[in-house]
Amino acid sequence: IRLFDGTTTFGWKPNNDVNWQIVDGVIQADQGEPGLLNTTSEFADYELLCDFRLEKGGNSGIFLRTLPTPKEVTKDCYELNMCDSHPAFPTGSLVGIVKPTEKVSGEEKWMTYRVVCQGRKIQVWLDGKPILDFTDDRPEARFRGVIGLQKNAGKAEYRNIFLRPLSTRELFNGRDLAGWHLVPGSKSQFTVDDSEIQVVDGRGFLESDAEFGDFVLQAQAKTNGPLLNSGIFFRAMPGTEKDPSNGYELQIHNGFKNNDRTQPLDFGTGGIYRRVPARKVVSNDREWTQLTLVATGPQIAAWVNGEQVTDWTDPRKPNENPREGLRTKPGRLSLQGHDPTTNLRFRGLKAGEYPPAAAKP
């Protein structure tokens, strides 16, 4: 998924008044007190790619699994440093924790950090060269948080920021519907064909046996007809014949109005139905669409074909039913058959539950 769309700061939020701006597809800043531009979504295990350029003598960094405003660099985040002149933790270091065994430079030209955070292990490459392989066995090890781009001293620039979720598990084995069950009263027909879940007719729901609270979900969906309507429900209460699916709904609907993809029809694919529309309809009917959903606490974000289309914080009061209010506790996933015209396929369903932010003592 793309964390930076190249033109806006959609999906990002500064933690102070640094002069963040976008020039020619580059996020840059050079004035103000040290500060971060953070993703609004939290991530746990992932592979991150980010191009950066730091002026000579500068000092900045990429903050991993961080609090939005970290106070203690060794407890509230992992700061992947960009500073050749730092006396103790130069470029390639996790500040205050560990530094590369060989000195590297990260100034004056465009370079690429590749980072893999998985459990306690953090690995870093600079322009393809491995420079850090660290396992954090400390009690204060962190397992989730936002990603922050820092402006500290001197001009810092960032571009081409991509993330791949890791540590997800398959939710569909490609052979049968093990791990799923039909909600009572469903009219939809859910079958397995060619390692895909096909749903026709409706209304109906195929519900997961497992529950998910703070998590990342990835799936592929294809509508086999024009303007078909479906969705993936999450944090849903167990479905019954009377109330088949009460949850948040990640909408699937590829229609848009006035020949303008920024005017989604019926909330648009990637929107949260009845709550917030997708900012753009990226996907097309009769084509496989890649969906990514991240839900952490009240913050919900969605990417369609790698492009972020939803960034929403649920402002409502808590309620067991997400249709009535904020629900952060775990709930079921549910694939929707919307009506008698339904004809969709799903594949590549996988999810990863988020761990607590910090290690337990």
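View 1. Cys50 counts as buried, at 1% relative accessibility, where buried means under 20% relative accessible area, exposed over 50% and partly exposed in between, with a 1.4 Å probe and protein chains only. The model shown here is predicted, so that local features need pLDDT of at least 70 and side-chain atom pairs count only at pLDDT 80 or more, whereas totals for chains, interfaces and linings use all residues. Residues are numbered from 1 along each chain as its sequence is written, and side-chain values use heavy atoms, with hydrogens and water left out. The closest cysteine sulfur to that of Cys50 belongs to Cys117 and lies 13 Å away, which is too far for a bond. Cys83 is in no disulfide either, the nearest cysteine sulfur being that of Cys77 at 15 Å, and Cys83 is buried at 3% relative accessibility. A search of the whole structure finds 0 disulfides, a disulfide being a pair of cysteine sulfur atoms within 2.5 Å.

View 2. Asn254 lies in the loop between strand S20 (246-252) and strand S21 (289-296); strands (E, at least two residues) are DSSP runs, numbered from the N terminus. With a relative accessible area of 7%, Asn254 is buried. Its side chain makes a polar contact of 2.7 Å with the side chain of Thr269 and another, of 3.0 Å, with the side chain of Asp285. A polar contact is a pair of N or O atoms within 3.5 Å; within protein, one must be able to donate a hydrogen and the other to accept it, and residues adjacent in sequence count only if both atoms are side-chain atoms. Leaving aside residues up to four places away in sequence, Asn254 touches Thr223, Thr269, Val281, Ser283, Asn284 and Asp285, contact meaning heavy atoms within 4.5 Å.

**View 3. Strand S16 and its two partners.** Strand S16 (residues 196-200) is mostly covered, with 4 of its 5 residues buried. Strand S15 (residues 189-193) runs antiparallel to S16 and is joined to it by 5 bridges, where two strands pair if DSSP finds at least two bridges between them. S15 and S16 form a hairpin with 2 residues between them, and Asp194 in the turn has a positive phi of about 55 degrees. Thr191 has Gln198 in S16 as its bridge partner, while Gln198 has Arg345 in S25 as a bridge partner. Strand S25 (residues 343-353) is antiparallel to S16 and joined to it by 4 bridges.
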